[in-house]
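Visitor: I am new to this structure and would like a close look at a single part, the place where two chains meet. Could you take me through it slowly?

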Amino acid sequence: MKLIEDANQQALARILEGEPRLIDIVPASQLMKGLRDRMILHAGPPITWERMCGPMRGAVAGAIVFEGWAQDLRSATELAASGGIEFHPNHHFGAVGPMTGMTTKSMPLFVVENARFSNRAYCAINEGLGKVMRFGGNDASVLKRLAWLRDVFGPVLGKAIRASGGVDLKSIIARGLSMGDEMHQRNLACSSIFLREIAPWMARTSVDNATLAECLAFIGQNDQFFLNIAMAMGKVMTDPANGIRGSTIVTTMCRNGTDFGIRVSGLGERWFTAPVEMPEGLYFAGYSEKDANPDMGDSAIVETIGLGGFAMAAAPAVAGFIGAGAPSEAGNFTRSMGEITVAQNPEWSIAAMDFAGVPTGIDIRLVVDSGIVPVINTGIAHREPGIGQVGAGVVKAPLACFQQAVRAVASDLGVS
Amino acid sequence: MTDQNGPQYQRLLAGKVEVVNVGLEGFVKDLHDCGIGVVHVDWKPSAGGDPQMAALLAKLGV
Amino acid sequence: MKVVVLNEIRKGFYLDSVALMRLSREVAACPGVIEAALMMGTPSNAAIMRNAGLLNEGAAVKGNDLVIAVKADTEPAARDALDGAIKSLEKPKSQGEASAAWRPHSISAAVKVRPEINLALISVPGDFAAAEARKALNRGLHVLMFSDNVSLEDELSLKLQARDAGLLMMGPDCGTAVIGGAPLAFANRLRRGKIGIIGASGTGTQEVSCLVSEAGEGISHAIGVGGRDLKKDIGGITTLMAIDAFDSDPETDHVVLISKPPHPDVATTVLKRIGQSRKSFTVCFIGASDMTVPANARFSPTLKGAAELALGGKPIGAEFDPGAVASRVARRPAGGGIEGLFAGGTLCAEAQVILTAAGREVTSNAAIPGVKTLCAGRDPGRDRLIDLGDDEYTRGRPHPMIDPSVRDDALRAALRNPALSVILLDLVLGYGAHADPAEHLTRLVADRGQDAPVLIASVVGTEQDPQVRSAQVRKLELAGIVVAPSNAQACELAVAIANTAGR
């Protein structure tokens, strides 16, 4: 249908024309009107406490204590279970968050601005590895690190970013792709490039060398530091593509540990959900499939703009995550994703694919027609709250979301 | 010379044929042997063989 | 239970964490191993290993050290696993040998891989064929649809869409085409030349193109239109476009149009269009009575006649005299009947034309106008001409051109049928066809009885075909099968023998 093709070209153009820049770090309450006390934003489509998985509940309890809405984890859990907390998806507040994706009012958020369409998107700061809230961790060490991010690291890095005049993100991604990153399971190159660009500004704006060293080391020790910036970038690039009538391009993919949800340009704010699948991958020593939680996080926004599993060819080392796949087969993931997308992004090319651009613009029609679903590179959380990451792997988006969305588009356009 | 502005089906006879093969794989080798460019599609029924969905997709222009 | 933990630390040995996780899994699978880990010795990794009881007390590791840790039931098991891990680490990496060839799953993906693609050859089951053809047309591709069992409604809408887009929609049920030397579906390797063919019939196109090619002339292109293109419902959409295409093709001087007799309205339209053409035409409506054609056209009711007109009147197989050959045949079984077992549908139709014209009473499962439709057990006195490519024989089985054994049962029965004097057969060669149909046939008939009917065959093919026509003919002749230069002459010989049966 011409209406659909035209709408898709428009949606695609809006994604590709984005000019994402990291401009600041600001506490959530100053960025989001309506983000009140006893309100928690979470990853994925809407969900109630009753249906939340273990790590999500663990993270919620930790976030409640962190904000001081309860004294300890037990009373925090009771508060959440008794309906004392309002839950909303990050996506409803212009934000994204990895894994459990906790966002509350005092957390410092990256602010990424899309200069082309004057919109903004937010994401919390990556906490590093080990016990962390995004994997459901909630003990004292987790809350202590969050407090340090809020009180020390956020203000220091925010000041440096403001002084730099903002950091252009598209060029970092382009370089990262040529250095083996796919921006979901591997952000080693992008994190390093970012540190290289921001370190002088941190030095210029710092008043205390010990703190500066601590902050530089925090970035330098976390290979995934850039992931959260890439996620906010994904959100800021896809938001302008939303709400183009007739368009069958996916603008959101995310999961909350229970459901997988997508939104489609032509269908606006409607969610199409299906039970989320288990990731397949490799486990850290001492853990196995039986410890794994179903997949979580807003991070699939990077796949929505052609990175992560879609850019696997750029990161052959990551391809090993599927277990059986050889690095030499990484290109097959990218080629397969090329079958369900409408274009390539010429600004983000992959050397190993003869500099083909990353496959961009997931078309729900192509997904349902081919039966090829988006592949998402993901971390695997322990199913119990508070334990953290136990592995990494690949998860497939459930086909049912896309089937529902195709029927909804057809009905919206009066096609039966 | 062929009329460059004529409809495509007239130009087909003047140009080189390059084929996408959807179905019987045996046809691929024959074309290869004749030096004709051919790409074989690893075909599966549309929409997993759900005829209702396949029809809907066809109308939506897949 | 006693547990042994062994650690090995490689200073400054970096490996990607993914590669390390894969190795960890391999080592953990070794006999006697409880747990294993290969990790870079960062503080967080060291903590993970300590928590898992994999790191010995006092093991000093740094971030750029590789730690190999094995927990096993026994010391030897731990040692073996550790040695294996070290061997794996030091093993040179293969260079992409596991890389699997990637294949696109859709027409659109194929076009992305190879943007030069301009034609889709579609042979998927009929239920899905129309949808695939629509996708191809949407992407600006010409289509040859080999699939059958596509509704008339779909055929019409596809052909209208193709016409609007200036694309050629060949088929459904298009068995053959040759475009610029490219054999599409069942096609023969032909001499290139100045004669174009428009065929609503696959084997008809193959017979005429092979006869022309073997006679020393050549084919420019053969365009298939599908068996129903000249029906009233379709109105000859593709046929008319094919005439346009040949009109502007400098390679083509003469065009042969081959079809079953069209609907009269469609025939009128098509013949009028032929009259406007700058090229000369041969019109072959198989089995139609002599009809008025425009001044630039000649008419033939048979394939052989059409080939001869295309050759400017040069006769096919002039040296072959059916009467003379018949008189040389040693045994002429007394039954008097003819049974034709055809792989080619149009060859079966041509046989009906020739036998009927010779005054024989004929019945067929694919009866042309004027011929009685075959009913099992009825009309015992009539010659039976059977199209084995018809649905009743091919449902759930390959076409007899691909798998000649479809003909076996009927042939065995015919060989023992005392009512028959002659069995008529065809062999279709070329791309897509069976690799050695003569071998299959001669094995089957090798032990036929003394009184078996005379076997007469024609071979549709060329010397350039993969099966090599003359080699196939020689095999048949060595097995005592009489081979005629064309299907029409095989039929004439059959009549000559049957009419003198018992003499």
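Guide: What follows is a walk through the contact between chain C and chain B. This is a predicted model, in which local features need pLDDT of at least 70 and side-chain atom pairs count only at pLDDT 80 or more, while totals for chains, interfaces and linings use all residues. Residues are numbered from 1 along each chain as its sequence is written, chains are lettered from A and ligands numbered from 1 in the order in which they are written, and side-chain values use heavy atoms, with hydrogens and water left out.

Counting heavy atoms within 4.5 Å as contact, chain C brings 47 residues and chain B brings 34 residues. The buried area, meaning the accessible area (1.4 Å probe) that two parts lose on being put together, summed over both, is about 3,800 Å², and carbon and sulfur atoms give 66% of it.

Strands, which are DSSP runs of E with at least two residues, numbered from the N terminus, also pair here, where pairing asks that DSSP find at least two bridges between them. Strand β1 (residues 18-22) of chain B runs parallel to β4(C), joined to it by four bridges, and B:V20 stands opposite C:A120 in β4(C).

Two salt bridges are counted between chain C and chain B, each a side-chain nitrogen of Lys or Arg within 4 Å of a carboxyl oxygen of Asp or Glu. In a salt bridge between B:E18 and C:R114, the side chains meet at 2.5 Å, N to O.
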